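Subject: The structure, and what turned up in it

Hi there,

Here is the structure I promised to send over. Please have a look at it first, and then read on for the notes.

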Amino acid sequence: MKDLKGLILFLVGSILLISFTYYGYQIVFTPNILVGKDDRIFVIPEGAAFKDIQEEFQKGMIAQDLVSFSFMAKIMDYDTQIKPGRYILKSGMTNREVINMLRGGNQVPVRVSFNNVRLPSDLAEKITRHLSITPDEFSAALVSFAMNNQYGFNANNVLTMFIPNTYEI
């Protein structure tokens with residue numbers, strides 16, 4: 001009878017150990033992001049908290065298992081190191097890959113194109129289209145630069161420093 005209890009305890013312990021080990025393996029090495037879906041651009045705004053990222057992952061059905069993503073993020077200390085930016089999430093990424101990318105701030109550059117700009121407002125519209133700055137903020141910064149620079153730019157010639165082209169920012 002005593003041997004039977006020991007055997008049962010051993011079997012239950014072994015089953016639990018195997019189950020937790022398998023789940024741990026899945027959390028780290030199994031694809032969890034955009035499984036069966038297309039790659040997607042994911043933007044983290046300035047001042048975002050980890051809770052905001054979790055909500056976006058749930059709303060956009062990005063993470064197949066949000067609990068495992070959140071658990072891994074806490075283990076890797078990502079929940080306290082949020083870096084704003086524009087990231088590309090690829091189909092089939094693991095939790096570890098996504099968290100390493102987000103923690104490292106490995107963003108996708110934004111392409112900014114402009115040509116034939118005659119007015120500062122036109123430039124502001126084109127440059128800020130895909131950035132996290134408004135045209136009014138850009139215009140204010142441009143005016144401030146024109147008034148307070150040591151390079152000889154002023155309100156009349158400040159647009160000459162912008163050479164029409166496509167830039168990656």
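How does Tyr25 count by its relative accessibility: buried, partly exposed or exposed? At 48%, Tyr25 counts as partly exposed; the cut-offs are under 20% relative accessible area for buried, over 50% for exposed, and partly exposed in between, with a 1.4 Å probe and protein chains only.

Before the rest, a word on the basis. This is a predicted model, where local features need pLDDT of at least 70 and side-chain atom pairs count only at pLDDT 80 or more, while totals for chains, interfaces and linings use all residues. Residues are numbered from 1 along each chain as its sequence is written, and side-chain values use heavy atoms, leaving out hydrogens and water.

Now the rings. The structure holds nine aromatic pairs (rings of Phe, Tyr and Trp, the last by its six-membered ring, with centres within 6.5 Å; planes under 30 degrees apart are stacked, over 60 edge-to-face, the rest tilted). One of them is the tilted pair of Tyr25 and Phe29, with 5.2 Å from centre to centre and 40 degrees between the planes. These two sit four residues apart in helix α1, so about one helical turn separates them (helices are DSSP runs of H or I with at least four residues, strands are runs of E with at least two, numbered from the N terminus). Phe29, at 46% relative accessibility, also counts as partly exposed.

Phe42 and Phe57 have ring centres 5.1 Å apart and planes at 85 degrees, so this pair is edge-to-face. Because Phe42 belongs to strand β2 and Phe57 to helix α2, the pair ties together parts 15 residues apart in sequence.

On to the inside. The largest nonpolar core has 25 residues, and Ile33, Ile44, Phe57, Tyr78, Leu89 and Val98 are those with the most contacts inside it (a core is a set of buried Ala, Val, Leu, Ile, Met, Phe, Trp, Tyr and Cys residues joined through side-chain atoms within 4.5 Å). Helix α4 gives the most to this core, with four residues. Another core, of 10 residues, lies apart from it, with Leu123, Ile127, Ala146 and Val158 among them.

Finally, α4 buries Asn95, Val98, Ile99, Met101 and Leu102. Seen down the helix axis, these fall within an arc of 160 degrees (taken from the directions from the axis to the C-beta atoms), so they line one face of α4.

Best wishes
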